[in-house]
Amino acid sequence: MTALEEEAAPIGLLLAGYVALCETGFALPCYATGPQANVWNVAVCSPDGDHTGTVVGFDVFEGEGVVILPEELRRRVIIGSAWQDVFLWNGTPFVGTPKLLFERLRPEMELLAARIPISTLELALAAEAPDIPAFVEAAIWHVERRHGKVVAGGWQRDVLLKGEARLALRRLLAAAGADRSITAGARPTIVERKGGYDATLPAQTSSFLAAAGLLDDARRAVRKAGHAVGFDLRLNVGSPVAREAPARESLVNEIYWPGGAARILVVAIGSRAAVIARHISAPDWIPIPQAPELLRRWAVRRGREINGVEEASVVDVVEGARLPSLTEAYAAVVWLLDDGPLYDFGATGIIGSFLTRPDFDGQTVHLLAPALPLLTPSRVLAQTTLDERHVGPCHAVVDTSLARSPFWTGNPWRAIDRRIADVAVATALLCVMEGPVRAELLSNGSVKPPRMVSVALGRGDLDGPDPGLGLVSESSVTGLIEGDADRLDVTFGLTQLDKSVRKATHGFASLRLAEADFDVFARATVSAAIWPEMGSKRSEARKSWLEPVAVPAVGGAPRKLDGIGISAGMTIADGKRLVVTGEAPSLKAVRTAWAAGWSIVRYTDNETIEELLRNLEEGPLPRELRLPTMQRLPVNRGLAVRGVDPRDIVRLPAREAEDWIAQWKGSELASSARRYLARVDEKGPGELVFSRADLARSILNGDEAAVAASVAAGENPALLGDKPLKRPMDLRASWAAPAAGARRFVVDDGRIPAAVIELAPSAVPAQRMFLLDGDAAVPLLLSSRIFAIWARATTSRSTSWLSRFSVSRTFETLPIPPCFKLVTEGDARPRLHLAHDTVELDRIAHRFEKELSPERRWRRTRRSDRDGDEAEADWREVEASWHEVDRILLESIDLRPDVSDVEVLELLVSQSS
């Protein structure tokens, strides 16, 4: 018994709340010591999943959304009590055992059976209500009406009969004292025969029942369970296991792992695919609950590592056509192919010869994963019907465009390329596990027209009235419109392997024909930006009040991609008309759209969409733009350098740093140490840092100060020199002093307007900052309107979900206005100085240097309405000075102060190209 169970056993816990899994039907009962408790729990039932079972313990519930029950419905439950359910109907919770619930709801039963027939059937079965076949008939008719006869037959076999047989067996096993691993493994396979159905047991379950002398009892229990729902269901013990027919709707935990280690191969062909493949890592979760140890340990192997021996599951990654000589078959192979060649030549032309290898046997699932282009949709995925020529011999296409969907349910902080890699591995994991998706793909092979498969995490039921939007992307509006009648939807439990997915309770997947409808998707995207709180609900997304408007075909705004419509027009607040595109718009498209009275934005450009919805007078320049190829200007090389990589330094916390300095301030090592600036707005002395290479060298030379520093930092002195430096050039640049006559400034990565400060001579910046040397020209340029426009257009999300500046794209392509000059001496990095040919600019720089405090000197905007004790008039004067800086810089490149952002950018791009 756990500590929680011991504490709860004498007095129990209070059933005081619930989590609504859907609008009506069964909810998740939640327990606590009281209604205002900080910790919520869920009860553990034996047998598992039995509404008539017994409470045998409590587990901490880490989810959200607990609704407090009215005081009169709360009740205390102790270990050994009968299971208590919460059932929602017409906005009212009902609490009690199934029989009590059925009696209380009996006056509404006819309406319940019409509105929520599947939940009503579940309640009636648990309550042993009369006339069960009538409830069964209503549920089957409901599924058939929604999905057709084929799906209804699959539901009848793989959900209803399999579920009832499993429950009957679990009750028998629990009564016989079987542990939870035995009862959980009681998953019969149901196959249809003439006049009825046969159930076959897994070997482990059959062995236990035989040893306990319960085979005849099991036959009777299964026969009785089938008879209760109106079918002839018989248990065949010892007969060969038939391949399970694919389930069309699956209950949670229907996916399982047969044993051993899992093997997945990812083959990346093409330059874009190779970049994405480098982000492949061990999975964050496994699509089954309580995964065995071999599925919790993963190795990602590349190159020569692939044929090594691993006591773990593996994801092998190869680039190009260099496939390994395989010793064992892979359960799933992901073909990660560049979108362009795939569209032009098809999968068969690229990988067809590989699929004849003997180690790719009939049990290997082959998935085609288009490597998403950065600025455009995948031409393969954007089609309303997948072309079998593109898919070739693969079983299905992975919807990799989920990676940039605003409804993404994975780790929100991961870069787009890492997300694509995560989608590919997650889909392969689902296809490795024994379950309905793998069974469907292997039994039907590469069907025509080809199908698409999507996987997402969530906390809502995919088959409920309000599931999450995690499967919706630019390539699929699954659930937003009436889709494929033969669609296979699966909900599954999961084992979390990484804290980034700790809020996910399960996952869901969909295997279906392509369901691309960019107009519907675009309006759902903008609706979610308007109401973030509803952005995860399909029912709300369907109600989008945004009025669709036909986009006029004017001057390429928006472009079309090979005849594929990738834009949607709509009216947003105050009559504004918005074009949402699937690709990054060109400057020409932006200019033409503006001239026609439209704003234009790519659906992934969340910040610009939010700015548009704040009713700005003029539509902002999009952050995501398709710009022509720009040259890295030789004079700019080395102008900006990233801060130090944390792996190249050893950090001493502030308190330990002061103690170390007090003891070793006269040492040679103390003179090479630096203060660490972790954030632009950081105050105080901060940490003390050493170059890892310098510290290791000092330790080898017997320097006691170096040994003391490494120990104080929690490092092993003997191992410091084992790791090579990651970014040695950045480290050297940060450690070196600026050239004579220059100061050092740092700018925070991705922030617009820029956050710039002058760096103390004894400090080095964190990697999230860039350092530039020079005089007041550096902050004047970086805080100007010109740089804000340029930086906004050249930020990238391929390496981070956050907007990121780039040394090569943001700084080394930037045309420097003529009122500044770049100075280079010998091999030193270039530094930026005032040209001193504009009196007004020199005067403003002098005023900022002399009259403003260092904290506020180069800051263009206030942090709040009450920013220190500065008067409003002071701020207005500072803002006026910055507008004057903008005027001077624009006039220096022959532009008027009132010029539009797009005209500024067009000129800068032409100069850089």
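**Entry 1**

I began with an open sheet built from three strands, which run in the order β9-β10-β11 with mixed pairing. I kept in mind that this is a predicted model. Next I looked for the edges: β9 (189-193) and β11 (233-236) hold those places, each pairing on one side only. I also checked how the strands lie against each other, and neighbours in this sheet are turned by 30 degrees on average, with direction ignored.

**Entry 1: β9 beside β10**

How many bridges join β9 and β10? I found five, and the two strands pair in the antiparallel sense. Strand β10 covers residues 196-200.

**Entry 2: the nonpolar cores**

Which residues touch the most other members of the largest nonpolar core? I noted L295, L336, L367 and L368, in a core of 81 residues. Helix α14 (residues 416-432) gives this core its largest share, 12 residues. I also came across a second, separate core of 58 residues, with V579, A793, I888 and I893 among them.

**Entry 3: a closer look at L368**

I finished with the surroundings of L368, leaving out residues up to four places away in sequence.

Notes. Residues are numbered from 1 along each chain as its sequence is written. This is a predicted model: local features need pLDDT of at least 70, side-chain atom pairs count only at pLDDT 80 or more; totals for chains, interfaces and linings use all residues. Side-chain values use heavy atoms; hydrogens and water are left out. A nonpolar core is a set of buried Ala, Val, Leu, Ile, Met, Phe, Trp, Tyr and Cys residues joined through side-chain atoms within 4.5 Å. Buried means under 20% relative accessible area, exposed over 50%, partly exposed in between (1.4 Å probe, protein chains only). Helices (H or I, at least four residues) and strands (E, at least two) are DSSP runs, numbered from the N terminus. Contact means heavy atoms within 4.5 Å. Two strands pair if DSSP finds at least two bridges between them. Axes are lines fitted to C-alpha atoms, for helices over the stretch in contact, and angles run from 0 to 180 degrees between N-to-C directions.
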